[in-house]
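I opened the notebook for a walk through one protein model. The entries below follow the order in which I looked things up.

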Amino acid sequence: MKYSVKKALIRLLQFLIRAAVGTGFTFLMTSLGAAAVFVFRGEVRPGLRRALLGFAAGVMTAASVWSLLLPAIEQSADAGRVPAWLPAAAGILLGVVFLAALDSAIPKLQARQKHISAVRKQDLLLITAITLHNIPEGMAVGLAFALAADGDSLAAASALALGIGIQNFPEGAAVSLPLLKEGEGKGRAFLTGVLSGAVEPLFGILTVLAAALLRPAMPWLLSFAAGAMLYVVVEELVPQAHSRGGTCGFVLGFLIMMVLDVALG
């Protein structure tokens with residue numbers, strides 16, 4: 001009996017180490033993307049600012065479809081418990097409602113200050129949405145490694161970690177660069193981008209520990225993050241990025257994220 005418990009604990013430790021390595025890579029790629037702030041010198045010009053916001057909007061739109069909604073629909077269809085579209089539709093609505101509530105609550109949370117600028121509110125919503133998006137991605141990597149423990153391919157789990165990690169690079173930049181253009185120091189903008197990805201290792205490891213409980217909820221979590229991201233794109237980023245440069249940035253960000261998701265997903 002003691003031998004069986006010890007063996008089970010050793011196996012669990014091995015799975016946790018693998019999940020930590022996989023999600024650690026995705027976190028590293030987010031950090032590298034956030035380090036883009038060190039490439040820029042001085043103040044970001046208005047035209048470049050709009051292009052960066054458009055790029056962030058394109059990344060988030062593509063990620064919400066290929067990284068979140070399509071996997072959510074596929075997982076729901078495989079489970080067969082409810083119509084495949086239901087978790088995706090309900091999750092989107094919940095994500096939108098959550099971000100709309102946050103949008104309304106931010107001025108109240110800042111009641112001690114004289115005011116909060118629209119741009120500052122936009123930055124907070126952007127960071128929140130991408131961080132929420134990173135949570136189910138980290139869970140997906142952790143779950144993939146947990147399933148590999150049950151006989152699924154460890155190579156497939158590693159490929160998933162690689163794909164998510166590569167697509168996290170532009171997401172890290174999408175968090176840190178808008179903060180830089182608003183006058184934040186490079187160190188603080190970089191740290192914020194890093195922290196937006198820190199949830200991936202945390203939730204990836206937690207998912208390995210509770211894989212059986214969290215797996216049925218994954219379609220809902222993925223769709224919730226998608227709804228949150230779409231809210232920020234439509235409500236905050238697209239209006240601010242409205243220009244030819246912003247449109248080009250949107251298309252570029254969308255194409256990059258789409259290609260990474262399809263080629264590496």
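In which helix is S31 found? I find S31 in helix α1. Helices here are DSSP runs of H or I with at least four residues, strands are E runs of at least two, and numbering starts at the N terminus.

Ground rules next. I am reading a predicted model, where local features need pLDDT of at least 70, side-chain atom pairs count only at pLDDT 80 or more, and totals for chains, interfaces and linings use all residues. Residues are numbered from 1 along each chain as its sequence is written, and side-chain values use heavy atoms, with hydrogens and water left out.

**Entry: S31**

I checked the cover on S31. S31 is buried, because its relative accessible area is 13% and buried means under 20% (exposed is over 50%, partly exposed in between, with a 1.4 Å probe and protein chains only). I then listed its partners. Not counting residues up to four places away in sequence, S31 touches F190 and V194; a contact means heavy atoms within 4.5 Å. The C-alpha atoms of S31 and V194 are separated by 4.8 Å. Along the chain, these two residues are 163 residues apart.

**Entry: overall make-up**

I counted ten helices and zero strands. From the N terminus on, the order reads α-α-α-α-α-α-α-α-α-α. The protein has 265 residues, and 46% of them count as buried. I looked at contact range too. Of the contacts between residues at least 6 apart in sequence, 86% join residues at least 24 apart. The protein exposes about 13000 Å², and carbon and sulfur atoms supply 69% of that area. Accessible areas come from the Shrake-Rupley method with a 1.4 Å probe, and for residues only the protein chains shown count as cover.

**Entry: confidence**

I read the pLDDT, the predictor's confidence in each residue, from 0 to 100. Its mean over the protein is 80, and 85% of the residues reach 70 or more. Where is confidence lowest, and where highest? It is lowest in helix α8 (residues 211-214), at a mean of 71. It is highest in helix α6 (residues 186-197), at 89.

**Entry: aromatic pairs**

How many aromatic pairs does the structure hold? I found four. Rings of Phe, Tyr and Trp (its six-membered ring) pair if their centres lie within 6.5 Å; planes under 30 degrees apart count as stacked, over 60 as edge-to-face and the rest as tilted.

I took W66 and F254 to start. Their ring centres are 5.7 Å apart and their planes stand at 75°, so this pair is edge-to-face. W66 lies in helix α2 (residues 46-79) and F254 in helix α10 (residues 244-264), so the pair ties together parts 188 residues apart in sequence. W66 is partly exposed at 27% relative accessible area, and F254 is partly exposed at 22%.

I went on to F98 and F224. This aromatic pair is tilted, with 5.5 Å centre to centre and 55° between the planes. F98 lies in helix α3 (residues 85-109) and F224 in helix α9 (residues 218-241), so parts 126 residues apart in sequence are tied together. F98 is partly exposed at 38%, and F224 is partly exposed at 22%.

I also noted a cluster. Ring pairs link W66, F250 and F254 into it.

**Entry: R244**

Is R244 buried or exposed? R244 counts as exposed, at 74% relative accessibility. I place R244 in helix α10.

Which residues make the nonpolar surface patch? I list L9, L12, L202, L206 and L209, for about 450 Å². Patches are made of residues with over 30% relative accessible area and no salt bridge; like charges are joined within 9 Å, nonpolar side chains (Val, Leu, Ile, Met, Phe, Trp, Tyr) within 5 Å. A salt bridge is a side-chain nitrogen of Lys or Arg within 4 Å of a carboxyl oxygen of Asp or Glu.

I sorted the patch by helix. α1 (2-34) and α7 (199-209) each supply at least two of its residues. The largest share, three residues, comes from α7. L202 lies in helix α7 and counts as partly exposed, at 48%.

T207 is buried, with a relative accessible area of 1%. Leaving aside neighbours within four places in sequence, T207 is in contact with M139, G142, L143 and L214.
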